[in-house]
Amino acid sequence: MNLLLKSCIECGKTITGRADKKFCGDICRNTYNNRQYAIAGQVIRKVNITLKKNRQLLEEVILAKNEDIANVSALRLSARSFNFDYFTHTQETPKGKLYFCYEYGYQKLSDGNLMIVREPDPF
């Protein structure tokens, strides 16, 4: 009978038991999985932080104008660390594409300004 010795993918110790076993025990399995989720979680947290910051900046412009539509300089938002590469979704309109950060959208205008809109409450 040929015995194939497998090693734990976390610590490298020899595994005994089922043939499809990957870890020597619960501690190694938990350590391995926690590390995998932590790496993915860091990326997701960074994206969410950027999206929340973008939303906050758009909301501030709308609230300052006390309207559902407002114009603002793209440079002004850029100076406040608005990141144009991050948005939640887009919508095609007859006048061009709207980029949204949750319920706040913006459209780039030809004069270097942005038109900011607030979507009606979808709920």
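Modeller: Gladly. Helices (H or I, at least four residues) and strands (E, at least two) are DSSP runs, numbered from the N terminus. Please keep in mind that this is a predicted model.

Colleague: Thanks! In which order do the elements of the protein chain run from the N terminus on?

Modeller: Counting DSSP runs in this way gives 2 helices and 7 strands in the protein chain. Read from the N terminus on, their order is β-β-α-β-α-β-β-β-β.

Colleague: How much of the protein chain is made up of buried residues?

Modeller: The accessible surface comes to about 9,100 Å², and carbon and sulfur atoms hold 53% of it. A residue is called buried when its relative accessible area is under 20%. By that cut-off, the buried share of the 123 residues is 22%.

Colleague: How far apart do the centres of the positive and negative side chains lie?

Modeller: Lys and Arg count as positive here, and Asp and Glu as negative. That gives 19 positive and 13 negative side chains in the protein chain, and the centres of the two sets are separated by 11 Å.

Colleague: Is Y106 buried or exposed, and which residues do ring pairs link into a cluster?

Modeller: Y106 has a relative accessible area of 0%, so Y106 is buried. The cluster linked by ring pairs consists of F82, F84, F87, Y99 and Y106.

Colleague: Let's turn to E103. Leaving aside neighbours within four places in sequence, which residues is E103 in contact with?

Modeller: E103 sits in the loop between β5 (96-101) and β6 (104-108). Its relative accessibility is 22%, so E103 counts as partly exposed. With neighbours within four places left out, the contacts of E103 are R55, V117, R118 and E119.

Colleague: And Q56: how far is Q56 from Y37 in space, C-alpha to C-alpha?

Modeller: Q56 belongs to helix α1, which covers residues 26-65. At a relative accessible area of 38%, Q56 is partly exposed. Q56 and Y37 are 19 residues apart in sequence, and their C-alpha to C-alpha distance is 28 Å.

Colleague: Which phi value does N66 have?

Modeller: Most residues other than glycine have a negative phi. N66 lies in the loop between α1 and β3 (69-73) and is exposed, with a relative accessible area of 67%. N66 is not a glycine, yet its phi is positive, near 55°.

Colleague: What is the phi of Y102, and where is Y102 found?

Modeller: With a relative accessible area of 34%, Y102 is partly exposed. Y102 is found in the loop between β5 and β6. Although Y102 is not a glycine, its phi is positive, about 60°.

Definitions and conventions. Residues are numbered from 1 along each chain as its sequence is written. This is a predicted model: local features need pLDDT of at least 70, side-chain atom pairs count only at pLDDT 80 or more; totals for chains, interfaces and linings use all residues. Side-chain values use heavy atoms; hydrogens and water are left out. Buried means under 20% relative accessible area, exposed over 50%, partly exposed in between (1.4 Å probe, protein chains only). Accessible areas come from the Shrake-Rupley method with a 1.4 Å probe; for residues, only the protein chains shown count as cover. The place of a charge is taken as NZ of Lys, CZ of Arg, CG of Asp or CD of Glu. Rings of Phe, Tyr and Trp (its six-membered ring) pair if their centres lie within 6.5 Å; planes under 30 degrees apart count as stacked, over 60 as edge-to-face and the rest as tilted. Contact means heavy atoms within 4.5 Å.
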